[in-house]
Amino acid sequence: NTVAGDGSTILKVYFKQQFTVTYKPGIHGTFTEQKTEHLDYGAATPTFVGNKTHEEGYEFTTWDKTVESTVTKSVEYVAEWSIINYTIEYELNGGTLGVDETTHQPITNPATYNVETVAFTLNNPTRAGYTFKGWTGTDLATATTTVTISQGSTGNREYTANWKANSYSYNIVYKSNSGAQLGTATVSKNFGTTNTITPKAYTGYTSPANQTVVWDSTTAKTI
């Protein structure tokens, strides 16, 4: 206290300055902000406690500024997030996606995506001699011919192409050694299979040995 010239007393009051440290979730964070008040100058900066929860498809990167070791002022630390890129793997099982008839560029399916990627539908492969039965894999209970990845989806994905062999008919012509036609037959088998053909028996002729034939043509074939 100080006595003034007129005899009055001057009272000097000092206030200790205190500060607040706040941790905020930022754009994609979902945790509740953490605020610590009434911190003295030079006090240790409070650490963030709890989980840095967030929206799906994002991961914590850092705080928007370096967290100081001691408190020198009121400050807010805002969480920053990065988007997660997920992979998509394909097993075409002998199929191909071909070439675009307009651009003449190879047709592809995305190898990566993220939570912000606009919805897209997989291009289906083709395979000579087979019918595409659909994709199996991530989130698919059965083979599915139309697979769309919706915007907002997450997680790595795997898809496998499934096929059914087509059946093709081959014409079989039986001839004598002199070239005279003795008869014909039509045999249908699945593409890509190896089959044994047993010749018909004709009176007065000796039947040749069985013949092994690979069904490797998708068009009519005479053997």
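User: Which residues form one aromatic cluster with Tyr23?

Analyst: Phe31, Phe48, Phe60, Trp63, Tyr77 and Trp81 form one aromatic cluster with Tyr23. Rings of Phe, Tyr and Trp (its six-membered ring) pair if their centres lie within 6.5 Å. This is a predicted model, in which local features need pLDDT of at least 70 and side-chain atom pairs pLDDT 80 or more, while totals for chains, interfaces and linings use all residues. Residues are numbered from 1 along each chain as its sequence is written, and side-chain values use heavy atoms, with hydrogens and water left out.

User: What makes Lys52 sit over the ring of Phe60?

Analyst: The criterion is that NZ of Lys or CZ of Arg is within 6 Å of the ring centre and within 35 degrees of the ring normal. The charged end of Lys52 is 4.9 Å from the centre of the Phe60 ring and sits over that ring. Arg127 likewise has its charged end over a ring, that of Tyr130, at 3.8 Å from the centre.

User: How many aromatic pairs does the structure hold, and why is the pair of Tyr130 and Phe191 called edge-to-face?

Analyst: There are 18 aromatic pairs in the structure. For Tyr130 and Phe191 the ring centres are 5.7 Å apart and the planes stand at 85 degrees, so the pair is edge-to-face. Planes under 30 degrees apart count as stacked, over 60 as edge-to-face and the rest as tilted. The partners are 61 residues apart: Tyr130 is in strand 10 (residues 130–137), Phe191 in the loop between strand 15 (181–190) and strand 16 (194–197). Strands here are DSSP runs (E, at least two residues), numbered from the N terminus. Another edge-to-face pair is Phe132 with Trp135, at 5.7 Å centre to centre and 70 degrees between the planes.

User: Why does Phe191 count as buried?

Analyst: Buried means under 20% relative accessible area (exposed over 50%, partly exposed in between; 1.4 Å probe, protein chains only). Phe191 has 15% relative accessibility, so Phe191 counts as buried. Phe132 and Trp135 are buried too.

User: How do you know that Asn109 is buried, and what does Asn109 touch?

Analyst: The relative accessibility of Asn109 is 12%, therefore Asn109 counts as buried. Leaving out residues up to four places away in sequence, Asn109 touches Tyr90, Leu97, Leu122, Asn123 and Trp135, where contact means heavy atoms within 4.5 Å. A polar atom of the Asn109 side chain lies 2.7 Å from the backbone nitrogen of Asn123. Asn109 itself is in the loop between strand 7 and strand 8.

Conventions:
Helix = DSSP H or I, 4+ residues; strand = E, 2+ residues; numbered from the N terminus. Polar contact = N/O pair within 3.5 Å; in protein donor to acceptor, adjacent residues only side chain to side chain.
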